[in-house]
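Colleague: I would like to learn how to read a model like this one. Can we go through it feature by feature?

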Amino acid sequence: MKTQKLIITLFLSLCFIFSKAQSPFYFTGYGRALIAKSAYNENSNYVKNDTTSAKKSLAGNFVFDLGINVKPSEILKANVILRVNNQFGGFFSTGSLLEFRQIQIHGILAKKIAYSLGDIDLQMTKYTLFNSYEATRSEFEAEAFKIRRNIIDYDNFNNGNQWRVQGIQLKTKIEFEKIIKDLSLSAFGSRIKASNFINTPDRLLYGGTLKIHQGKSLDLGINFIGINDLPGTAQDTVVSYANKIITGDFAYTYSTRNLNFIAKSELGTSNSDMFQAKENKRIKNYDHFIDASLGVKHKYLPFKIFVSYRFIGNEYYSAGAQSRRINDNIHPTLLPNGLGGSNNRNMNIFDRFTDLNLYNKTITTTLSYYLPMYNNVLPYGAATPNRKGYTLETEYGNSDSVFYAQVNAQMLSEVIGVGISQKRNFILFNAGATLNLHKIIGCKKLLAVSSAIKYENTQGATAAKINLQSSIVDFALTFEILKNLNFSSGIKFLNAKGSENIILRDAFNNITSYEQFKVGNTQSIITTGLIYHLSKQTSFAANAFWQLNNNHQNSNENYAVHQLFFSYLLKF
Amino acid sequence: MKKLLIFLFSAATVISACKKYNEEFTGAPLGIAPDDFAVVNNSFAVSKNNPNFINDTIYFMATFNASVTWKIRLKGELSGAIKIISGYSNSINANNSKWNGTTDIAKLFRGGENVNASLTVYGWTDSLTTTINIVLPKKHGTILGRFENIVPDGAGNFTDQGLYWFSSFDANEKEFMNKVLDADAPEGNYCIQLKGHDANGNYYIGKAGLSSSSPFTFAFGSSDANKVYFNLYVKGEGAGSVAKLVIETFEDDNDDHVVYYDNSEDKYSSTIDLGFDGWKLISIKYSDFVLESSSSPYKDKNPDKIHLIGFYCGPKSASATSLQVQFDFPTVTVDAPMIP
């Protein structure tokens, strides 16, 4: 601790001296203060007559991230983010943590190659390296829900669909005068796991992309990504993993006076090699995928429509694209127990966007556990293996237009049956719309309503009792009462019923057994409150949340929880 | 455009030709019970109700009217140990349900306890049960400590399994080598806790050690370092762990019945990082231990010459001064790691 303090002091001193000399030195920051007061409704079956489980909680923390940026020249930039985290109730830094949150160095080599070292954010295509969103997220959900999600995203480094890793990234772009306009090349290498010489090996992630931009009509790309465990860095009982994926993608645009006709596709193959030295057991997998779509975009109206077909092989394994952002087999931390302390509460839709501990920050090499009620059709994102079928996507407007709507409808089936010859069939319907009413009535103050629905239907063999339906409905209302002061209200509602077989896998990704899953559950989250935007990057919010959980199969698990939540968020 | 379509068609053809799905289905058979499913005579039995797992291997018996996925869940009433045996077949017999007292979790079955065996079938709402009473549990190599019925010497040391356990520590740094009650202890109810504060910042707090007195060196049953495994249950502290546990061995290489701490004989070690959650069985082959006494003239791992074994704890970094480590059931096995 003394050494850490000394290093930080020295670093800050050097930065200060340096800033006096040349002023290449500037600060950025992020601060937040959160307070959440939560309580069960004491008449809830889940905690009624329960004298041991906590029924109320008051939690909060203060976080301040200081970004220290140094830019000594146009070709070199470095930043470090130091975090001070003080739990609510700490006094004069009691219980505080000071830690390095991020270290980055960016530069340009020989005026041609941009490089980044340290903490880097990576994203490729949906089938190679892609961090898919949590299943209950909606662009059309209430602002109060978005505030909670943004906190989780920020703390987990979930910048869009990128994965945060430590390593090096190189990028370059070459422009041409004839035939093709430009060619860009990027490559990266990182260590995504550090060995403990017991059950965790050193794991490397590496890859690159070559993009050729022909001009107005044609784009071509080749993508490669690999994962390798270093031999000898874990005990011989641990499965050593290697995964290599190569894909090609293209987009071709044919223009008329008003319309752009677009054809785009990505196809590729995966090779996996898993080896356990102790039992000398090796399993190799090979499979492929294709995703092809045709669509039309209007040049002057904000409208587009695409129809696509995709085929993802049963053994198409792509750890970078199939790792889940959330761990579905973890119990939540907010008021975790009930039924006399003998029962860990199962997560609900509220926990899924408010509980930092449920989130996964690393790329996982096996297809991890998931709860079908939240996302049974595509639990591993677009790259979910063993799926084929058609998708219709359409969009009108944008978030600033009077009317903005999106529809995504998918009709899919399994490529091959799982555990039984009869295949599952899936329907996924996802639609949402925002109506900016203030633009219709000519009011300067914001008045917007949004709504969204996500419906999933899974049908399988009758004998296997696979018949599951779930829907998540969002409704949001935002009204600007005074300048920069918004009244925000919203509902998120989940209804799930039916049965499914959860697929369980071993360390080789083999399907070894199944877990029967039966659900009859409705969950509602209602929120209302005020949000005051002090500036574009600073806001204060006071919101109330009511959770209602009804388990129709076991009424002992019914409960209601209310929470008062205050947040102050600052960025500079 | 024409060239592009040809390219696309060719690529799709090549890709589609790459892999065929000839199997009827993928994964383990679902084996769901049909509507008329029945267990013949409603009988679920075990070959021996009171096994002595030092010698016995038992099996279960049931016959079905269809091939189904079945599961037998065995749970110890006292230990909470769990063993799952599962399969896909139309009968349960000696070929597919043998059990020799092993466990699936970090809890060992105990001698004298009742084990409830429950048979379930996938998609069948009923279950059948039977009870087993374990006379003696499975034997696991040379047991160095169980920490259940220790004999204290009044000076913080004790005897267990006929072996003398002593503590050695930096002055003013210990609350050391405590026998502690832990409901999750893998074997029995107690385990050893090493706890302290690295006040002098030397990455060392103290050590729990044991030595062999008669004979002077341990008789594990092999002199081949590639065949001898040190096993113990260790309680992890999660990803933010600040502590490490180090196993040390001191050999009497010159057979003079004295172990020297001045590096004139071989000393080896293996470090365990506690960056995992809960109790975990760790098995380390003696040949994977690292030489600590670089000036020793011998430099040859001889498990049959080990006189003293130490378990010491310390912080991983200088800033982590307060820490604790818990371990249980250290054993040494020959030919293979401990199968719990």
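Colleague: In what order do the eight strands of the open sheet in chain B run?

Modeller: Keep in mind that this is a predicted model. The order is β7-β8-β9-β12-β18-β14-β15-β17 of chain B, and the pairing is antiparallel. The edges are β7 (151-152) and β17 (290-291) of chain B, since each pairs on one side only.

Colleague: Which residue is the bridge partner of Thr159(B) in β9(B)?

Modeller: Start with the pair of strands. Strand β8 (residues 158-160) of chain B is joined to strand β9 (residues 163-169) of chain B by three bridges, and the two run antiparallel. The partner of Thr159(B) in β9(B) is Tyr164(B).

Colleague: Now chain A. How many bridges join β10(A) to strand β11 of chain A?

Modeller: First, the general idea. In a regular strand, side chains alternate between the two faces of the sheet. Now the case. β10(A) and strand β11 (residues 259-276) of chain A are joined by 16 bridges and run antiparallel. They form a hairpin with three residues between them. Ile246(A) stands opposite Thr269(A) in β11(A).

Colleague: And which residue of β10(A) stands opposite Asn228(A)?

Modeller: Ala242(A) does. That belongs to another antiparallel pair: 11 bridges join strand β9 (residues 218-229) of chain A to strand β10 (residues 240-255) of chain A.

Colleague: On to helices. What should the 13 residues of helix α2 of chain A span?

Modeller: General idea first. An α-helix has 3.6 residues a turn, so residues three or four places apart point the same way. Now the check on length. At 1.5 Å a residue, helix α2 (residues 143-155) of chain A should span 18 Å, and its end C-alpha atoms are 19 Å apart, which agrees.

Colleague: Which residues of α2(A) are buried?

Modeller: Glu143(A), Ala144(A), Phe145(A), Ile147(A) and Arg148(A). Their cover includes β20 (467-482), β21 (485-505), β22 (511-533), β23 (539-551) and β24 (559-571) of chain A. After the helix comes Phe157(A), with a positive phi near 60°.

Colleague: Is His533(A) partly exposed or buried, and why?

Modeller: Count C-beta neighbours. His533(A) has 16 inside 10 Å, so it counts as partly exposed. Its place is in strand β22 of chain A. Leaving aside neighbours within four places in sequence, His533(A) contacts Asn484(A) and Ser539(A). Gln547(A) is 14 residues from His533(A) in sequence, and the C-alpha atoms of the two are 26 Å apart.

Colleague: Which residues have the most contacts inside the largest nonpolar core?

Modeller: Val234(B), Leu245(B), Cys313(B), Val325(B) and Phe327(B), in a core of 47 residues. Its largest share, six residues, comes from strand β13 (residues 228-237) of chain B. Take Leu245(B). Not counting residues up to four places away in sequence, Leu245(B) touches Val234(B), Ile272(B), Leu274(B), Phe311(B), Cys313(B), Val325(B) and Phe327(B). Apart from this core lies another, of 33 residues, including Ile420(A), Ile466(A), Phe44(B) and Ile134(B).

Colleague: How many residues does each chain bring to the contact?

Modeller: The general idea: interface size is often given as the accessible area lost when the parts come together. Here we have residue counts: 34 from chain A and 28 from chain B. On the chain B side, α1(B) gives the most, with six residues. That side divides into 18 nonpolar, six polar and four charged residues.

Colleague: Last one. How far apart are the C-alpha centres of domain 1 and domain 2 of chain B?

Modeller: They lie 36 Å apart. The domain assignment gives domain 1 as 40-133 and domain 2 as 142-334.

Key
Residues are numbered from 1 along each chain as its sequence is written. Chains are lettered from A and ligands numbered from 1 in the order in which they are written. This is a predicted model: local features need pLDDT of at least 70, side-chain atom pairs count only at pLDDT 80 or more; totals for chains, interfaces and linings use all residues. Two residues are in contact if their C-beta atoms, placed from the backbone, lie within 7 Å. Helices (H or I, at least four residues) and strands (E, at least two) are DSSP runs, numbered from the N terminus. Ala, Val, Leu, Ile, Met, Phe, Trp, Tyr, Cys and Pro count as nonpolar, Asp, Glu, Lys and Arg as charged, and the others, Gly among them, as polar. Domain bounds come from an automatic or database domain assignment. Two strands pair if DSSP finds at least two bridges between them. A nonpolar core is a set of buried Ala, Val, Leu, Ile, Met, Phe, Trp, Tyr and Cys residues joined through C-beta atoms within 7 Å. A residue is buried if 20 or more other C-beta atoms lie within 10 Å of its own, exposed if 12 or fewer, and partly exposed in between; C-beta atoms are placed from the backbone. The expected span of a helix is 1.5 Å times one less than its number of residues.
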